[in-house]
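Me: Please take a close look at one part of this model: the helix packing and the pocket that goes with it. Keep it brisk.

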Amino acid sequence: MPRSTSYHEKLIQDLQDPLEAAAYIEVVLEEGDPKMLSKALKNIIEAQGGIDQFSAQVKELYNKLDQMLSEKGEIEFYDLNSLLDALGLQLAVTVKS
């Protein structure tokens, strides 16, 4: 009997596609849950080969954001998101060209 792929394994595989990663982040941002944003960023980093694949600056930034999300439950970005929402706008994540 073939082994089934776990949800997490399938998610990580899907997130290797930049369009899927963008859509994933977009949905997480729409939900407005900082804990989910932290997990989503972690999943996307994993899909791209793990944190060790990135520069020290990117690692430091990720760790700072993750710490802020876990300690405060928010980052300054969410204040911007709330303001844009009140203005009838929303942020979208797209693939860089």
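Reply: A crossing counts as right-handed if the near helix is turned clockwise from the far one by less than a right angle, and as left-handed if anticlockwise. By that rule, α1 and α3 cross in a right-handed way. The model is a predicted one.

Start with that pair. Helix α1 covers residues 7–14 and helix α3 residues 34–47. Their axes lie 8 Å apart, at an angle of about 70°. Angles of 65 to 115 degrees count as roughly perpendicular, so α1 and α3 are roughly perpendicular to each other. From α1, the contact uses His-8, Leu-11 and Ile-12. From α3, Asn-43, Glu-46 and Ala-47 meet them. By class, that makes three nonpolar, two polar and one charged residues.

Now α2, residues 18–31. Its axis comes within 9 Å of that of α3, and the two cross at roughly 170°. α2 is therefore roughly antiparallel to α3. Ala-21, Tyr-24, Ile-25, Val-28 and Leu-29 of α2 take part. Their partners in α3 include Met-36, Leu-37, Leu-41 and Ile-44. Lys-39, Ala-40 and Asn-43 of α3 also belong to this contact. Its residues divide into 10 nonpolar, one polar and one charged.

Next, the largest pocket. About 700 Å³ of space lies in it. It is lined by 21 residues, and closest to its centre are Ile-25, Leu-41, Ile-44, Gln-48 and Val-93. Helices α2, α3 and α4 (56–72) each give two or more residues to the lining. The largest share, five residues, comes from α2. By class, the lining has 18 nonpolar, two polar and one charged residues.

Terms used
Residues are numbered from 1 along each chain as its sequence is written. This is a predicted model: local features need pLDDT of at least 70, side-chain atom pairs count only at pLDDT 80 or more; totals for chains, interfaces and linings use all residues. Side-chain values use heavy atoms; hydrogens and water are left out. Axes are lines fitted to C-alpha atoms, for helices over the stretch in contact, and angles run from 0 to 180 degrees between N-to-C directions. Helices (H or I, at least four residues) and strands (E, at least two) are DSSP runs, numbered from the N terminus. Angles under 35 degrees count as roughly parallel, over 145 as roughly antiparallel, 65 to 115 as roughly perpendicular and the rest as oblique. Contact means heavy atoms within 4.5 Å. Ala, Val, Leu, Ile, Met, Phe, Trp, Tyr, Cys and Pro count as nonpolar, Asp, Glu, Lys and Arg as charged, and the others, Gly among them, as polar. On a 1 Å grid over the protein atoms alone, a cavity is a set of points where a 1.4 Å probe fits but cannot get out, and a pocket is an open set with protein on both sides within 12 Å along at least five of seven lines; lining residues have an atom within 4 Å of a point. Grid points are joined across faces, edges and corners, and a volume is the space filled by probe spheres set on the points.
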